[in-house]
Amino acid sequence: MPSPLVEVDDGRFARHGVRLLLKRDDLIHPDLPGNKWRKLAPNLADGDGRPVLTFGGAYSNHLRATAAAGRLLGFATVGVVRGDELAGRPLNPSLARCAADGMRLHFVDRRTYRAKDDPRVLAALLDRFGDARVIPEGGSNARAAQGCTELGGELRGRTEVAAVACGTGGTLAGLAAGLDPGQRALGVAVLRGGFLTDAVRGLQREAFGGPAGRWSVEDRFAFGGYARTPPELHAFADDFEDRHGLPVERIYVAKLLYALVRLAGEGAFAPGARVTAVVTGRPEPAEEGTASSQSASVSR
């Protein structure tokens, strides 16, 4: 820390007079890359050693990062996973990595998952797994947003636009708060639903007492929803890798870069502007040899 900031020569931006920079948060830590480090660190700062219970989907980077943190720092982790139909299947590479790092996976049906913030649902989970620190889905809460202000601070005076892919909004909330008044933050939503603007406003109220910084959300590039990566997106990511030698994570980073190329072509950035893409993670681990039933680590 701070993570590297590098400029890349890309004609799709240069022809519009725009400079593309990459904020390489994926290089912060081999097991806790990018915004996951920035969001988890303040939530774990008191080091009380209690188990951590948190939430995510089948391909959640947040679950992987939390499991890795538990392994590295020596606390137990429980991951509540959306989709009880997954409990009887071999784990995908993301969940297999969580289990290998010691996370106990608990699969719930989608209706229960949608109600995960209901005090009765939380009480039932804590009754089952014992006293635990609860971190919300994606790691986004007031502490996480406060931690992500450091990302904005590292970009002060170095870019006009700082862009990040968003799932739950915590990184965008903190990034915007940490930038200088003349800079702006752009969040590219990777989920459908149009809920992200309200989520970021709510996080900023909790973290900073009200609106903080200049920011906006772009909702057009979710490609059908979270973890949806159609051939068009894979082709774009493959091309970006060939151009710049950067492995492109598909669920978040590819959608961010695709959006920025499109927005540059639409004239969304002023000539001469520096646009920074925050690279928040690396590609998924290779599937070979990782899928497993992990029955000792899975519960329903």
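Helices here are DSSP runs of H or I with at least four residues, strands are E runs of at least two, and both are numbered from the N terminus. This is a predicted model, where local features need pLDDT of at least 70, side-chain atom pairs count only at pLDDT 80 or more, and totals for chains, interfaces and linings use all residues. Residues are numbered from 1 along each chain as its sequence is written, and side-chain values use heavy atoms, without hydrogens and water.

**Helix 6**

Now select residues 119-129, which form helix 6. V121, L125 and F129 are buried (under 20% relative accessible area with a 1.4 Å probe, protein chains only; exposed is over 50%). Turn to the face away from the buried side to find the exposed P119, R120 and D127.

Next, pick D118 at the start of helix 6. One of its side-chain oxygens reaches to within 2.8 Å of the backbone nitrogen of R120.

**Helix 8**

Move on to helix 8, where eight of nine residues are buried. Among them are L172, A173 and L175. Which elements cover these buried residues? They include helix 2, helix 7 (142-154), strand 7, strand 8 (184-189), helix 9 (196-208) and strand 9 (215-218).

Conventions: A polar contact is a pair of N or O atoms within 3.5 Å; within protein, one must be able to donate a hydrogen and the other to accept it, and residues adjacent in sequence count only if both atoms are side-chain atoms. Contact means heavy atoms within 4.5 Å.
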